[in-house]
Amino acid sequence: MYLKKQNKNNAPYWAWHIFPYLIGITILGVLLPYSKHRGLWSILIVKSIYLQWFFYIGLSFPYVKKIFKTVFNKNEKLKNIQLWQLSLYLGVVVIWLAYYTASYTSYIVGALSFSFVIYLVVLLLVFRTSKNSTFFEEKVRYEGKKLDNDLLAEIEQKLSLITEKELYLNPQLTLAETAKELNVSPHVLSQVINEKFNKSFNVFINELRIESAKRFLLSNKNFTIEGVGYESGFNSKSSFFTVFKKMTGQTPAEYQKNQGL
């Protein structure tokens, strides 16, 4: 992951990390074969390998730190590519821990951990093939640069369809479904919302739902507060109360009371 990031600006950069290591291990294997120098390998070489392994795990962490934050953010959803990257990173960490602590447990733990991670990767690949052919295709061609003004204006105009068609009332609405409805790519739609409103897709949709909830709360219809949440596109009472309180600073009941109702 760390090497991939560096490779973006300097194509052969990864080679300076990979090839010297491969060459060094090959030379050691020839000059100091494990069968004849088990003590040296166990005490020095293997521990050096574990140390280098840990070093690259540390270097890779900044690139998954944002993904970890997304996991604990209720207003954001993990992208498929982020799920893949997080699974690989955690898998490598698990394998490293298993082998590093093998002297206290058993090397079979490392082998089992490796098998588990491989099994997980295979499952993700199967999921990609059978359920979502664009699993890794996050449309990053616009990443890091401003969108064309004409394209930006066109998509901004299409955003009104979300309100006109009341797409936000669907509690299962996703970025991909909305993008399909508007006939744009998910990545571009997300970027437009981020650039124009400085917010994520989920926050954007939840704000529309809260505005709908306010209208219901001020109407003369006999909805319970819980019913207002469901009518406004929330899939649970708790999520409605949490988002409403976060965005307005009041509970739905307090808002209704403060409006003189």
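Author: Partly exposed means a relative accessible area between the two cut-offs: buried is under 20%, exposed is over 50%. E181 has 38% relative accessibility, so E181 counts as partly exposed. Keep in mind that this is a predicted model.

Start with the partner of E181. The side chains of E181 and K165 meet in a salt bridge, 2.8 Å from N to O. K165 lies in the loop between α7 (160-164) and α8 (175-182), and E181 sits in helix α8, so the pair ties together parts that are 16 residues apart in sequence. K165 is partly exposed too, with a relative accessible area of 45%.

Next, K196 and E156. Their side chains form a salt bridge at 3.7 Å, N to O. The cut-off is within 4 Å, so this pair counts. It links distant parts of the chain: K196 belongs to helix α9 (residues 186-197), E156 to helix α6 (residues 149-158), and the two are 40 residues apart. K196 has a relative accessible area of 42%, which makes K196 partly exposed. E156 is partly exposed as well, at 28%.

Then E207 and K199. This salt bridge has its closest N and O atoms 2.5 Å apart. E207 counts as partly exposed, with 29% relative accessibility.

Why pair at all? Side chains of opposite charge can do so when their charged atoms come close.

Now the total. The count comes to five salt bridges. Among them are K165 with E181, K196 with E156, and E207 with K199.

Key. Residues are numbered from 1 along each chain as its sequence is written. This is a predicted model: local features need pLDDT of at least 70, side-chain atom pairs count only at pLDDT 80 or more; totals for chains, interfaces and linings use all residues. Side-chain values use heavy atoms; hydrogens and water are left out. Helices (H or I, at least four residues) and strands (E, at least two) are DSSP runs, numbered from the N terminus. Buried means under 20% relative accessible area, exposed over 50%, partly exposed in between (1.4 Å probe, protein chains only).
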